[in-house]
Amino acid sequence: MKRRLFALSLVALLACGTLASCSGPSDGGGNAGKEEKYPTSAITCIVNWSAGGPADLSTRALAAAMEKELGVPVTVVNKEGGSGTVGMSELAHAKNDGYTFGMVNHNALCLLPFQMDLSYTLEDFNIFTTFNIYEYALAVPASLGVTNLDEFFAWSKENLPDGVNGAGAGYPHPLTMGDLCELAGQKFTWVPTDGTAETVQNLLGNHIYLGSATSGDFLPYVESGELTVIANTCEERSKAFPDIPTAKEQGYDVAYSSYGAFAFPAGTDQSKIDVIKAAFDKAVQDQTFLDTCERLKFVTEFLDGETYTKMVSEDRDMYEELMKQE
């Protein structure tokens, strides 16, 4: 809340008797009304995913570019776990002094609050921009020899009498796989994992036969011949696998996508947020950042914070209604 500094100062001076008698030698107003310089020290960026993944690596490239604009270090700290909620909880309860911002993700804002006991709500964040849109895909061990959904479900019906066990790190992965299995007439059991690395290891060890993750996470394992992507599960084909049809194109009416965004703790001074947003806007044009995103097949998309917050709020209301029906 803006303080009435001048009015308070005037009252104090009048209490002394006269303006002149209470004041020292005039400095010509050199310090009066001066705003505090910002930033003056390192800024922390919390990434709510594990180190080494596309979200982490792209954020590190972004932070390096932002440092050039801000003149102070931008330190990336990983706080993974709980489908993104661990890092978001830490962000929500961080000091709102402008020196901590971090990643928030769509499902952890609008769906997981109805699935988990969380220490934050949407109102605990001041979201200032989206960062990316998550493009999801389904992968299976390459040893299965299947290349699409129909082939996979034909194989699973013959070889998995107890149904399909599918792994993914949080939502919307169980929704995606569960909906597809339902359409295929197969029982589905979700195997939650802490991250894509664990999902992939389960696939490679034949502990599960279906995995869901962001498409770029699967790319190295597809290139090595260890995994096969059998469907893109967003509305359009992903940048990582443009030749693989979507689930909808294959006759399964299932599609999920979500956004990643950046936010400050609620109550952070808007002028400080504006400084960071200006640095962000320049950093996303940095060539090293752009090259990193291209290499990772990381799809950036920048919506303003107000637009995205409204979108999340509407989706939260939708999920709340769906949960009441279950």
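Modeller: Two strands pair if DSSP finds at least two bridges between them. The model is predicted. By that rule, 5 strands form an open sheet, in the order β2-β1-β3-β10-β4. The pairing is mixed. β2 and β4 stand at the edges with a single partner strand each, so one side of each has no neighbour in the sheet. From one strand to the next, the twist averages 25 degrees.

F125 stands opposite P265 in β10. Y134 stands opposite S258 in β10. β4 is mostly covered, with 9 of its 10 residues buried.

Helices pack on this sheet. α3 touches β1, β2, β3, β4 and β10. The direction of α3 makes about 160 degrees with that of β2. Helix α4, residues 85–92, touches β1, β3, β4 and β10. The direction of α4 makes about 145 degrees with that of β3.

Now look at the nonpolar side chains. In soluble globular proteins, such side chains tend to be buried together. Here the largest nonpolar core has 33 residues. Within that core, L62, M66, F101, F262 and I276 touch the most other members. Elements that each supply at least two residues include β1 (43–47), β2 (74–78), β3 (100–105), β4 (125–134) and β10 (258–265). α3 gives the most, with 7 residues. Leaving aside residues up to four places away in sequence, M66 touches V74, F101, I276, A279, F280 and A283. A second, separate core of 24 residues includes C110, A261, V299 and Y319.

Finally, the rings. The structure holds 20 aromatic pairs. One of them joins F101 and F128, edge-to-face, at 6.0 Å centre to centre and 65 degrees between the planes. F101 lies in strand β3 and F128 in strand β4, so the pair ties together parts that are 27 residues apart in sequence. F101 has 2% relative accessibility and counts as buried, because the cut-off is under 20%. F128 is buried too, with a relative accessible area of 6%. Both belong to one aromatic cluster, together with F131, F262, F264, F280, F289, F298 and F302.

Notes
Residues numbered from 1 in each chain as written. Predicted model: local features only at pLDDT ≥ 70, side-chain atom pairs only at ≥ 80, totals over all residues. Heavy atoms only, no water. Core = buried A, V, L, I, M, F, W, Y, C linked by side-chain atoms within 4.5 Å. Buried < 20%, exposed > 50% of the residue type's maximum accessible area, 1.4 Å probe, protein only. Helix = DSSP H or I, 4+ residues; strand = E, 2+ residues; numbered from the N terminus. Contact = heavy atoms within 4.5 Å. Axes fitted to C-alpha atoms, helices over the stretch in contact; angles between N-to-C directions. Phe/Tyr/Trp six-rings, centres within 6.5 Å; stacked < 30°, edge-to-face > 60°.
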